[in-house]
Amino acid sequence: MLGNAIAIVQENWLLLLVGQYPNGPLGGFAATMLLSVLGIGLAFPLSVLIALCRISKWWALRAPATALVYGVRGIPLLMIIFWVYFLFPLLLGANVPGFATMLCTLVIYEGAFLSEVVRAGIEALPRGQMDAARALGHSHLRAMRFIILPQALYNMLPSLLSQFVSTIKETTLGYVINVPELTFAANQINNRLLTKPFEVFLILALVYYAVCFSLTEFTSWLERRIATRRAGPLRTVEVSA
Amino acid sequence: MKGFDLAPLLTNPEYLGLLGHGIAMTFIIALGSWLLAMSLGVLLLALRLTGFRIAEAVVAAYISYHRNVPTLVQLMLWYFGIASLLPDGLQGWLSDHQGESVFAILALGLCQAAYFSEDLRSGLRAISPGQTEAARALGHGYIGTMRFILIPQALRNSLPALINHTVSLFKNSSLAMAIGVAELTHAVKEIENQSFRTFEIFLIATVLYLLFSLLLMGTGAMLDRRTRLAGAR
């Protein structure tokens, strides 16, 4: 069984790594990573915006943001993929490639989930930070921009990273609308070989495991580091001579 | 695109049948895997609490695997991979008896057990050691301490996380369509292919999913309020 698995990897490593590229669209592991990085990268600014709307004192900003977050949290990702897959070509009047469809879906989905993380990060800061900033003459927006957000975003770096891991796992759903990524490549190999499904999907699971596990470990290291940094240096009592 | 009209979908008995069957299947998958996940999650936690090195390592590996591999890949590994290793007779029997639903419940349940187990563990760890010490000092044995002092508090602590993961389990049941289980999302695609009323049928499914999810979240919030002690964080 192990011999079989190694043979499959030896014969198909290029397909698993980059898909049909350069003779076709970028696929395989490279597409999975590109999709995840772009997805979280574009979702992040959106999520900050949604979070700011959610804690706004204006109902007109708060209500739609809250509705969006609860809506996205209550609908399966698969349904959102189908919506984007169906609506975007209609709205744009042009064919949208699977990669772009999946990217849009991830930005919407992760934007909503990340906004909860950002909001928690902002609300976890002591109230005094905002009060002090306002007392020093900063406007609400400037206080957010220069005092609250830098601290909140630094504190939530670990959560951001673990959301990145979730995004990597969510890209697998692109398989359903035939986005050429890692899971799709593995299914292509499986359809060609037909007789070795266990080996093919075991390899697939192990690749995802290796990537996500290392990222998760890095996240918990970072979490510990930030916790110690937030605690500050060991305080020594200064004795004046 | 045709004009928006729900009537052709809601009056056609064939579509309604597909939809009803899909909803029933979604509930069977979600409920079945929830029960499996919860019982296995408790078992995993109990194994971890025994303090045996090997048991702890096995549970840690189990949780690490299930949290770091995408759920869809776990489903595929079960349905396409592990199923192919079973004896031929059993494979045939399974494919005659909706084996895909069995594998969906198995895969989703085993996966979610890892999350449930971690939720319960962090709920237990959040209790201060003084609680155990006080319970032991009052004469409770290990079982009594667990039963009357620790478990009720742990459940209360982990309730929000458990509810969150229950909602994601419910949403993940839609992944079962990828291995051909005729649940709600699958039924929706089927009806879409036959009626071409994409917008309407997606809307119906989305509202249904949203309704059940919000119901779960609402129940969770209510339970949380009811069980919270006055003055507790």
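1. Helices (H or I, at least four residues) and strands (E, at least two) are DSSP runs, numbered from the N terminus. In this predicted model, local features need a pLDDT of at least 70 and side-chain atom pairs count only at pLDDT 80 or more, whereas totals for chains, interfaces and linings use all residues. Residues are numbered from 1 along each chain as its sequence is written, chains are lettered from A and ligands numbered from 1 in the order in which they are written, and side-chain values use heavy atoms, with hydrogens and water left out.

2. On confidence, where pLDDT is the predictor's confidence in each residue, from 0 to 100, chain A averages 92, and 96% of its residues score at least 70. Among the elements of chain A, the lowest mean pLDDT, 88, belongs to helix H1 (residues 2–18), and the highest, 96, to helix H2 (residues 28–54).

3. The second largest pocket holds about 660 Å³ of space; here a pocket is, on a 1 Å grid over the protein atoms alone, an open set of points with protein on both sides within 12 Å along at least five of seven lines, while a cavity is a set of points where a 1.4 Å probe fits but cannot get out, and lining residues have an atom within 4 Å of a point. Grid points are joined across faces, edges and corners, and a volume is the space filled by probe spheres set on the points. Its lining comprises 19 residues, of which A:Ile55, A:Ser56, A:Met130, A:His140 and A:Met144 lie nearest the centre of the pocket. H2, H5, H6 and H7 of chain A each give two or more residues to this lining, and H7(A) gives the most, with 4 residues. The lining of the second largest pocket divides into 13 nonpolar, 2 polar and 4 charged residues, where Ala, Val, Leu, Ile, Met, Phe, Trp, Tyr, Cys and Pro count as nonpolar, Asp, Glu, Lys and Arg as charged, and the others, Gly among them, as polar.

4. Helix H7 of chain A (residues 140–155) carries a kink of about 45 degrees at A:Ile148, shortly before the proline A:Pro150; the bend at a residue is the angle between axes fitted to the seven residues ending there and the seven starting there. A:Ile148 is also one of the buried residues of H7(A), which include A:Met144 and A:Leu149 (buried means under 20% relative accessible area, exposed over 50%, partly exposed in between, with a 1.4 Å probe and protein chains only). The buried residues of H7(A) pack against H2, helix H5 (98–124), helix H6 (127–135) and H10 of chain A.

5. A:Val117 is found in helix H5 of chain A and is buried, with a relative accessible area of 18%. Leaving aside residues up to four places away in sequence, A:Val117 touches A:Met156, A:Ser159 and A:Gln163 (contact means heavy atoms within 4.5 Å). A:Gln163 lies 46 residues from A:Val117 along the chain, with 9.1 Å between their C-alpha atoms.

6. The whole structure has 2 cavities of 30 Å³ or more. The largest cavity holds about 40 Å³ of space, and its lining divides into 7 nonpolar, no polar and no charged residues, with H10(A) giving the most, 3 residues. The second largest cavity also holds about 40 Å³; its lining has 8 nonpolar, no polar and no charged residues, and the largest share, 3 residues, comes from H2(B).
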